[in-house]
Amino acid sequence: MTARLRSFGHVLMLALGLVALVAASGAGAQPVAPAEGAGTLFGGLKSLAEAGGDRGALSLSLQVLLLMSLLTVLPSVVLMMTAFLRIVIVLAILRQALGLQQAPPNQLLVGLALFMTFFVMQPSIAEINARAVQPWAADSIPAEVAIARTGDVLHGFMLANTRTTDLKLFADMAGAGPFASPREVPMRILLPAFATSELKTAFQIGVLLFLPFLVIDLVVASVLMALGMMMVSPIMIALPFKLMLFVAVDGWSLVMASLAASFAGG
């Protein structure tokens, strides 16, 4: 039980440190150097977690309180730094292109996007676990080093999937650069550039998904108009043909394979 609580504290402190790293970068810090205040905070939490008696119980209560407070912010920050953004948008556009309103439901789309995110990010997750989580859990490296290594891995993934034009746009807006190497791009510039690039890529994929279904809509509407059936909804007639086409080409497998292959440096 003690080991589990200790592991919970490690994971919580690593998540807090990642948020602190992003916030520090937004204030002008370097992307690979954790904030000094964050190191002091995590050092204090770690010493409390390792202490016994009432101090250990207080530390656990403090960890739970901090975790509950960050639940509204931490998921958004973490998901914006992964492949989740592109995947969930493409799935939502696909549902709209099929003409379906609530099938699959939002919960299913989000769950599928999460599993696909874990699949795409598996190399990065394995690297974070090997370089940061496991050494930190074994007390072989301090919290500052674990946070910096985690930031390095996510920084590399985001940089590999960000357009140069988007990076230049936000660098010019921030009055930063030019940078000697890609590793010197701070998180405060890389994060919005990565999100913008992911949105652009997701909408490009969405347009390609929409085209074949749009052709079916146009054909059905033209046929109904030629037959004088103007009171019949083209959407209701076209929906079965869309579903038959999507099932015939094994659409879900094609979409998932294409999404996974569209990422670089996963």
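Of the 266 residues in the protein chain, 39% are buried (buried means under 20% relative accessible area, exposed over 50%, and partly exposed in between, with a 1.4 Å probe and protein chains only). Keep in mind that this is a predicted model, where local features need pLDDT of at least 70, side-chain atom pairs count only at pLDDT 80 or more, and totals for chains, interfaces and linings use all residues. Residues are numbered from 1 along each chain as its sequence is written, and side-chain values use heavy atoms, with hydrogens and water left out.

The secondary structure comes to 12 helices and 0 strands, where helices (H or I, at least four residues) and strands (E, at least two) are DSSP runs numbered from the N terminus. Contact means heavy atoms within 4.5 Å, and among contacts between residues at least 6 apart in sequence, 74% join residues at least 24 apart.

Now for the interior. A nonpolar core here is a set of buried Ala, Val, Leu, Ile, Met, Phe, Trp, Tyr and Cys residues joined through side-chain atoms within 4.5 Å. The largest one has 51 residues, and the members touching the most others are Met81, Ala83, Ile87, Leu94, Phe157, Met158 and Ile189. Two or more residues each come from helix H5 (84-98), helix H6 (106-120), helix H7 (122-137), helix H8 (143-160), helix H9 (164-174), H10, H11 and helix H12 (251-261). H5 gives the largest share, 11 residues.

Setting aside neighbours within four places in sequence, Ile87 is in contact with Ala113, Met116, Thr117, Val120, Leu259 and Phe263. Phe263 and Phe157 are 106 residues apart in sequence, yet their C-alpha atoms are 9.1 Å apart in space.

With 7% relative accessibility, Asn161 counts as buried. Beyond its neighbours within four places in sequence, Asn161 is in contact with Arg86, Phe194, Ser197, Glu198, Ser262, Phe263 and Ala264.

On to the helix pairs. Two packed helices are described by the angle between their axes and the distance between the axes. The axes are lines fitted to C-alpha atoms, for helices over the stretch in contact, and the angles run from 0 to 180 degrees between N-to-C directions.

H6 and H12 pack at about 45°, their axes 10 Å apart. That angle makes H6 and H12 oblique to each other (under 35 degrees counts as roughly parallel, over 145 as roughly antiparallel, 65 to 115 as roughly perpendicular, and the rest as oblique). The crossing of H6 and H12 is right-handed; a crossing is right-handed if the near helix is turned clockwise from the far one by less than a right angle, and left-handed if anticlockwise. H6 brings Leu112, Met116, Phe119 and Val120 to the contact, and H12 brings Trp252, Met256 and Ala260. By class, that contact has 7 nonpolar, no polar and no charged residues (Ala, Val, Leu, Ile, Met, Phe, Trp, Tyr, Cys and Pro count as nonpolar, Asp, Glu, Lys and Arg as charged, and the others, Gly among them, as polar).

H10 (residues 187-226) and H11 (residues 234-248) pack at about 140°, with axes 9 Å apart. These two helices, H10 and H11, are oblique as well, and their crossing is right-handed. The contact is made by Phe213, Ile216, Asp217, Val220, Ala221 and Leu224 of H10, with Pro234, Ile237, Ala238, Phe241, Lys242, Leu245 and Phe246 from H11. The classes here are 11 nonpolar, no polar and 2 charged residues.

Stay with H11 a moment: Leu243 lies in this helix and, at 34% relative accessibility, counts as partly exposed. Its C-alpha atom is separated by 9.7 Å from that of Leu100, 143 residues apart along the chain.

Finally, look at the loop between H11 and H12, where Asp250 lies. Phi of Asp250 is near 55°, a positive value in a residue other than glycine. At 45% relative accessibility, Asp250 counts as partly exposed.
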